[in-house]
Amino acid sequence: MRNPITQLTGQQGLTPVTTIIALLALASLYAIPCFVESPYALHIMILLFLSTIMGEGWNIIGGYAGQYSVGHAAYFGAGAYGTLILLNMKGIPPWYGVWAGIGAAVILSLIIGNICFRLRGPYFVLASIAVAEIVRLTVLNIPSITNGAEGILLSDLPPFKIGERVITDFISKVPFYYIGLTLAVFTILVTWLIQNSKLGYYFQAIREDQDAAHSLGINLNFYKNVALAISASLTSLAGAFYAIYVKFIDPTTVLPLDLSVQIVLIAIIGGIGTIFGPVIGALVLVPLSEALRSNVIAQSLINSGLVKEDSGMGVFLKEHLAHAHVLIYGILVVVVILFMPDGVLGFIKKLAARRKRGDA
Amino acid sequence: MTFSVLLQALISGILIGGVYALIGIGLTIIFGVMRVINFAHGDLMMVGMYLTYFLFTLAGIDPFVSIAITIPLMFLFGGILQKVFINRILGTLPQNQILLTIGLGLIMSNAMMLAFTSDYKILTTSYSSSSINLGGISISQPLTVSFVITAVITVFLYWFLMKTDTGQAIRATAQDREAAQLMGINVKWMSILAFGIGSSLAGTAGALISPTYYIFPQVGSAFTLKAFVITVLGGMGSIVGATLGGIIIGIVESVGAVTISSDWKDVLVFTIFLLVLLIKPSGLMGKSRM
C-alpha cells in the first residue's frame with residue numbers, strides 16, 4: 001500500500017531495479033581510488049562528499065522539518081573545534097574526539113532550539129543567525145582554549161591502528177576519500193531512514209502546517225529539537241572531517257555566516273526535503289566553484305581564443321576570477337529561486353513529468 | 001573609569017547610532033511595504049561606500065557632498081533590483097524571499113571583489129581624524145557632520161511619509177496592501193519606491209561612514225546583521241522604532257566597548273537582540289506601523 005505522503009511528494013519506495021543501480025553506483029564509487037591516482041581529482045571528490053554531508057545534515061531540519069536555520073556554521077565549528085582541541089591538547093585521536101564534537105553540537109543545538117523554536121518564519125532565521133554569530137565571537141574571544149583568531153593547526157595526525165596493525169597513516173588522500181564517502185553514504189542512509197519512519201512524517205507535518213500538526217497531538221517543540229539535534233550532529237561530523245582533512249581551522253573558515261549560507265544553498269539548489277537534493281546541489285556547486293577557484297574557467301576562455309591572454313581582459317580574468325568563486329553561489333541561488341523553486345532535482349522531475357505527459 | 005570617558009562613549013554612541021538608524025529605517029520601510037526582509041541591505045550600503053570612494057578619489061568630490069549623487073543613483077539601483085528580482089517573489093514563502101536577497105547580496109559583494117579585489121580601501125579626507133574638543137570630551141568631526149545630515153534626512157523622510165500624497169500612499173500600502181490597491185493606489189509602484197528609498201538610505205549611510213570606516217566588499221554582512229538587530233529592537237515596520245533602535249545599538253556598542261571590552265561588544269548586541277526576540281518580538285514600537 002502506498003502511504004499518502006509518498007503519493008503527495010511523488011517519492012517512490014525501493015524497487016529491485018533502483019536498489020541494484022544504487023548498489024552498483026556505490027561499488028564503483030568505492031572502487032574509484034583504485035583507478036584514479038590524481039590527488040586533485042580525489043580532492044574534488046572529497047569536497048563533494050563534504051558538501052553532501054553538510055547539505056543532508058541541514059536538510060533534516062530545513063528540508064524535512066521546514067525550520068530554515070541559517071546558523072549551521074555553529075555546529076560545523078563545534079565538530080571541527082571539538083575534535084581538534086582534544087587532538088592537539090590531549091592527544092586524543094579524532095575517531096574518539098569526534099564524539100566530543102558531536103556531543104558539543106547536540107548540546108548547542110538543544111540550547112539554540114529551546115531559544116529559537118519559540119519563533120517562527122523570518123524571526124527564527126534571524127535568531128539562528130544571531131546565535132551562530134555569538135558562538136563565532138565567543139570562540140574568537142577565548143584564545144586560551146581555541147587559540148582565537150590564529151586558529152588551530154593540526155601538527156600530526158596519529159595513524160589509525162586496529163590492534164598493532166596500522167590500517168592507514170593518512171599520508172595520501174585515499175583514506176580521506178573513503179572516510180568522506182562512508183560518511184556521505186551514512187548521512188544519506190540516515191535521511192532515508194528518517195523519511196521512511198514516523199519521525200519523518202512528524203517532521204513533514206510540522207513543515208506543512210505547524211498548527212495542524214500541533215492539533216494532531218505532535219509535540220512541536222520536542223520534534224523540532226529532535227530534528228535539529230540530528231541535523232546538528234551530522235553537520236558537526238562534516239566539521240570534524242573537514243578539520244582533519246584540511247588540518248587547519250579558525251573562526252573565519254569554520255564559523256562564519258557565509259558558511260551557514262553555503263550549507264543552506266547546497267540543499268536549496270539541489271532541492272530541499274528530498275533524499276538526493278543535497279547530493280545534486282553538491283554536484284552542481286562544488287565543480288563550478290572549484291573551476292572558478294582554480295582558474296580553469298579563465299584558462300579555458302583564454303585557450304579557446306575568446307580572450308587574449310595578454311590583453312587587459314585576460315589578465316583581469318586570471319587575476320580576479322579565482323577570488324570570486326562565491327559569486328557562482330549567488331547567481332545560482334537567484335536563478336534557482338526565480339525559475340526552479342523546487343531546486344534542480346524538482347525542476348528535472350517536472351521536466352520529466354511533462355515529457356511523460358507529452359508522450360502519452 | 002572616569003565619568004568623562006563614559007560620557008564620551010555615550011556621545012560617540014549616539015553619533016554613530018544616527019547612521020545605524022538610517023540603515024535600520026531603510027530596512028524597516030522595505031519590510032513594511034513588501035514584508036520582505038532584505039538580507040542584501042548591508043551590501044547596498046557597501047555599494048554606497050564604493051560609490052563615495054570613487055567619487056572622492058576620481059572626481060575629488062567630498063563624501064558629504066557626494067551624497068547628492070549617491071542618493072539618486074542608489075534609488076535607481078534599488079528600484080531596478082525591486083522591479084527585476086524582488087517583485088517576482090512577493091507573496092511566496094518567506095524563506096525564498098530571504099534566500100533571494102541573500103543571493104543578490106552575494107552577487108553584489110563578489111562582483112565588487114571581482115572588480116576591485118578584496119583589498120581594504122581607506123578614504124582619507126582632511127577632517128577624517130579631526131575632532132572637536134568640548135570640555136575634555138573630544139567628539140569626532142566627521143561623525144558629528146554625518147549625524148547632522150542623518151537628522152536632516154530623517155526629518156525630511158518623516159515629512160515626506162506623513163504629509164505628501166505619495167508618502168501616505170506608501171504608508172497605506174504598508175498597512176494593508178489589498179485595501180490600498182482597492183483605493184486606487186498603484187502598489188507595484190509603491191514597492192519600487194519603497195525599495196528605492198530603502199536602498200538610497202543604505203547607500204547614504206555607507207557614504208556617511210566612509211570617511212571613518214574601512215571599505216571592502218564584505219563589509220556589508222556585519223551591517224546587515226546590525227540592521228536586523230536595530231529593526232527588530234524598534235519593531236519591524238516602525239520608523240520611529242528604527243530610529244530609536246539605531247541610537248540604542250550605537251550607545252550599547254560604544255559604552256559596552258569601554259565598560260566591558262571591545263571584543264565582546266557584538267556579543268552584547270546579539271544577546272540583546274535574542275532577548276528582544278524572546279521577550280517582546282514586536283519590538284519597542286511594534287504596534288504602530290510606520
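What follows is a conversation about a predicted model, with the reasons behind its labels.

Visitor: Why is Phe176(A) called buried?
Guide: A residue is buried if 20 or more other C-beta atoms lie within 10 Å of its own. Phe176(A) has 21. Therefore Phe176(A) counts as buried. Phe176(A) sits in helix H8 of chain A, residues 174–195.

Visitor: What is Phe176(A) in contact with, leaving aside its neighbours within four places in sequence?
Guide: With those neighbours left aside, Phe176(A) is in contact with Ile46(A) and Tyr245(A). Arg120(A) is 56 residues from Phe176(A) in sequence. In space, C-alpha to C-alpha, Phe176(A) and Arg120(A) are 39 Å apart.

Visitor: How do you know whether Tyr177(A) is buried or exposed?
Guide: Count again. Tyr177(A) has 22 C-beta neighbours inside 10 Å. The cut-off for buried is 20 or more, so Tyr177(A) is buried. Tyr177(A) is also found in H8 of chain A. Beyond four places in sequence, its contacts are Pro33(A), Leu42(A), Met45(A) and Ile46(A). Asp211(A) is 34 residues from Tyr177(A) along the chain, and their C-alpha atoms are separated by 44 Å.

Visitor: What makes H6(A) largely enclosed by the rest of the structure?
Guide: Helix H6(A) has 21 residues, and 17 of them are buried. H6(A) is therefore largely enclosed.

Visitor: How do you know that the span of H6(A) agrees with its number of residues?
Guide: H6(A) covers residues 121–141. At 1.5 Å a residue, H6(A) should span 30 Å. Its end C-alpha atoms are 31 Å apart, which agrees.

Visitor: And H4(B), what span should it have?
Guide: H4(B) has 23 residues, 94–116, and should span 33 Å. Its end C-alpha atoms are 33 Å apart, so the span agrees. Thr117(B) follows H4(B), with a positive phi near 60 degrees.

Visitor: Which helix gives the most to the side of chain B that touches chain A?
Guide: The contact takes in 36 residues of chain B and 33 residues of chain A. H4, H9 and H11 (265–279) of chain B each supply at least two residues of that side of chain B. H4(B) gives the most, with 15 residues.

Visitor: At what angle do H2(B) and H9(B) cross?
Guide: The axes of H2(B), residues 41–59, and H9(B), residues 219–234, cross at roughly 130 degrees and come within 7 Å. The crossing is right-handed. Residues making the contact include His41(B), Met45(B) and Met49(B) of H2(B), and Val219(B), Phe223(B) and Ala227(B) of H9(B).

Visitor: How do you know that S1(B) and S2(B) pair?
Guide: Pairing requires at least two bridges between the strands. S1(B), residues 131–134, and S2(B), residues 137–140, have 4 bridges, in the antiparallel sense. So they count as a pair by that definition. In S2(B), Ile139(B) is the bridge partner of Ile132(B). The hairpin has 2 residues between the strands, and Gly135(B) takes a positive phi near 50 degrees.

Key
Residues numbered from 1 in each chain as written. Chains lettered and ligands numbered in written order. Predicted model: local features only at pLDDT ≥ 70, side-chain atom pairs only at ≥ 80, totals over all residues. Expected span 1.5 Å × (residues − 1). Buried ≥ 20, exposed ≤ 12 C-beta atoms within 10 Å, placed from the backbone. Contact = placed C-beta atoms within 7 Å. Axes fitted to C-alpha atoms, helices over the stretch in contact; angles between N-to-C directions. Left-handed = near helix turned anticlockwise from the far one by under 90°.
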